[in-house]
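The model comes before the entries.

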Protein chains: 2
Amino acid sequence: MTSAESGFRGIPGSAPTGTKQAAGRAGATLGSAARLRMAVPSVADRVAAELRLQLAEGLLLPGARLTESTLSEELGVSRNTVREAFAELAAERLVVRHPNRGVFVASLGPGDIHDVYTVRRFIEVSAIRGGGSPERVTAVRAAVEEGRAAAAAADDEALGSANQHFHGAIVALAESRRLNTIMAQVLAEMRLFFHKATVDAHFYRSYLDDNDKICKALEAGQLDRAGDLLLAYLDRSEEKQSAVHGD
Amino acid sequence: MTSAESGFRGIPGSAPTGTKQAAGRAGATLGSAARLRMAVPSVADRVAAELRLQLAEGLLLPGARLTESTLSEELGVSRNTVREAFAELAAERLVVRHPNRGVFVASLGPGDIHDVYTVRRFIEVSAIRGGGSPERVTAVRAAVEEGRAAAAAADDEALGSANQHFHGAIVALAESRRLNTIMAQVLAEMRLFFHKATVDAHFYRSYLDDNDKICKALEAGQLDRAGDLLLAYLDRSEEKQSAVHGD
DNA sequence: AATCCTTTGATTGTTCAACAATTCTTCGAT
DNA sequence: ATCGAAGAATTGTTGAACAATCAAAGGATT
């Protein structure tokens with residue numbers, strides 16, 4: 001009985017909500033109007049999404065082993081489909097795949113904390129130093145307010161979410177699809193690694209003022225100051241996480 | 001007859017070269033010595049590697065459609081295995097997967113050039129501004145010399161490769177596993193998108209002196225100067241690629 | 001009691017065949 | 001030329017089977 005066997009919701013057989021995406025034949029008839037279509041997520045995508053939820057909520061713990069046949073039975077899907085979902089999650093570094101030995105929920109290894117924060121420093125600080133459109137800056141402000149509302153409601157999970165939205169919004173200043181994807185993955189990893197610290201309300205509450213200061217500097221166009229404040233925050237946050245996780 | 005059907009080498013049935021990797025049971029017996037083991041690449045990995053080669057060499061052109069059954073027959077593997085290889089390549093953005101409609105070699109879309117260069121600016125410039133160990137700096141210098149040798153030998157492909165090694169080595173200054181992976185993917189995308197320009201010797205030869213100057217500043221510890229030179233290079237390179245590809 | 005070797009069981013990776021679903025192409029009618 | 005229907009092609013999924021690999025268990029040896 002592994003933790004992979006606890007608390008699974010089956011994959012809904014009903015029609016799931018679709019997502020709009022522009023589609024067209026790559027390399028052909030680019031001049032023709034692209035037709036919008038509703039893409040129904042595949043079963044494998046839905047399995048992956050379900051597992052992502054479980055990971056983000058701490059129901060699947062770092063290091064836990066996920067077995068294809070067990071999940072196949074529990075979710076009522078084919079083993080092959082589970083494999084496809086695993087591949088998705090492995091590409092996002094949420095699970096680690098060891099050939100012939102199995103799939104394990106990703107866990108913090110030596111240097112991982114520093115690595116994640118190095119990526120964040122490169123990306124977030126560069127993004128905020130480049131500034132962004134008024135719309136993008138407004139989104140950063142919205143995330144700060146979201147954090148304040150969560151703190152006022154004593155909702156710790158929402159506080160952690162708002163903090164992630166804040167940092168995602170900073171990267172989004174750059175309006176780069178690739179950077180947004182990279183940052184989303186880094187944030188997903190952090191949710192997985194640092195879940196325990198996430199529910200410590202004090203952890204994020206202490207950063208609300210920091211986030212506000214960073215945002216104010218951004219709004220005022222003081223981009224170097226914003227970058228310095230953000231860098232200081234990231235360094236401090238790394239120290240704290242290292243202290244909590246003994247890296 | 002699509003370009004996917006041209007020039008495939010079968011997947012070798014003989015024992016392939018393995019790669020060393022440390023393995024252990026995640027989350028368990030972390031105190032025990034990790035045993036080194038030779039991991040035999042799976043067939044899916046080998047299919048993916050083969051396709052990567054074809055992509056990098058321009059044998060599979062942007063926009064070309066890759067069909068599971070065709071590749072399955074040509075490579076002598078199961079269709080399911082081809083699907084697994086496709087998933088790997090899609091995660092690396094080398095192919096684009098449209099649900100129910102097929103897999104296509106990735107191609108340049110609107111804004112892709114700017115996007116790729118934005119990522120590079122964030123990562124490469126941050127990395128060089130952080131400097132690195134003597135060993136890492138030596139690797140940057142080695143890539144510059146590699147470029148000089150390629151130019152002297154009038155080997156255009158090698159010249160392009162050396163330039164990519166140069167930029168990979170810059171990011172490697174940060175000694176971050178995640179950033180190295182991200183950069184490797186960006187470089188793979190660039191090889192795919194810009195292959196035509198790659199074989200234009202003049203394209204990279206004009207950058208040899210730039211690379212040398214950047215490296216000299218790095219070696220002298222003038223990190224801000226190195227960053228400014230690199231930034232100027234990236235901006236100029238983006239302009240040139242945009243001019244060639246009409247983005 | 002500790003260590004080593006062999007056997008067994010569990011799991012992964014792959015193949016194959018089949019089917020359902022979706023999309024694209026072709027053909028015929030207007 | 002356009003539209004609609006039919007057919008073809010392809011993708012996504014399933015389930016069964018088998019080979020290969022690894023981990024666990026059990027027995028033998030020191």
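**Entry 1: terms and ground rules.** I count two strands as paired if DSSP finds at least two bridges between them. Helices (H or I, at least four residues) and strands (E, at least two) are DSSP runs, which I number from the N terminus. I keep in mind that this is a predicted model, in which local features need pLDDT of at least 70, side-chain atom pairs count only at pLDDT 80 or more, and totals for chains, interfaces and linings use all residues. Residues are numbered from 1 along each chain as its sequence is written, chains are lettered from A and ligands numbered from 1 in the order in which they are written, and side-chain values use heavy atoms, with hydrogens and water left out.

**Entry 2: the hairpins.** I looked up S4(B) and S5(B) and found that they pair in the antiparallel sense over 4 bridges, with His98(B) standing opposite Gly102(B) in S5(B). These two strands make a hairpin with 3 residues between them, where Asn100(B) has a positive phi near 70°. I then turned to chain A, where strand S4 (residues 95–98) and strand S5 (residues 102–105) are also joined by 4 antiparallel bridges, and where His98(A) has Gly102(A) as its bridge partner. The hairpin of S4(A) and S5(A) has 3 residues between the strands, and Asn100(A) in the turn takes a positive phi of about 70°.

**Entry 3: the sheet in chain B.** I noted that 3 strands of chain B form an open, antiparallel sheet in the order S3-S5-S4. Strand S3 (65–66) and strand S4 (95–98) of chain B are at the edges with a single partner strand each, so one side of each has no neighbour in the sheet. S3(B) is joined to strand S5 (residues 102–105) of chain B by 2 bridges, and Leu66(B) has Val103(B) as its bridge partner. Helix H3 (residues 79–91) of chain B packs on this sheet and touches S3, S4 and S5 of chain B, its direction making about 115° with that of S4(B). For that angle, axes are lines fitted to C-alpha atoms, for helices over the stretch in contact (heavy atoms within 4.5 Å), and angles run from 0 to 180 degrees between N-to-C directions.

**Entry 4: the two copies.** I superposed the chains by least squares on the C-alpha atoms of residues with pLDDT of at least 70 in both. Chain A can be laid on chain B with an RMSD of 0.1 Å by a turn of 180° and a shift of 0.0 Å along the axis. The two copies are thus related as by a two-fold rotation axis, and 100% of the contact residues of chain A recur in chain B.

Entry 5: On a 1 Å grid over the protein atoms alone, a cavity is a set of points where a 1.4 Å probe fits but cannot get out, and lining residues have an atom within 4 Å of a point. Grid points are joined across faces, edges and corners, and a volume is the space filled by probe spheres set on the points. I counted 3 cavities of 30 Å³ or more, and the largest cavity holds about 70 Å³. Its lining includes Tyr117(A), Asn163(A), His167(A) and Tyr233(A).

Conventions
1 Å grid on protein atoms, 1.4 Å probe; cavity = no way out; pocket = protein on both sides within 12 Å on 5 of 7 lines; lining within 4 Å.
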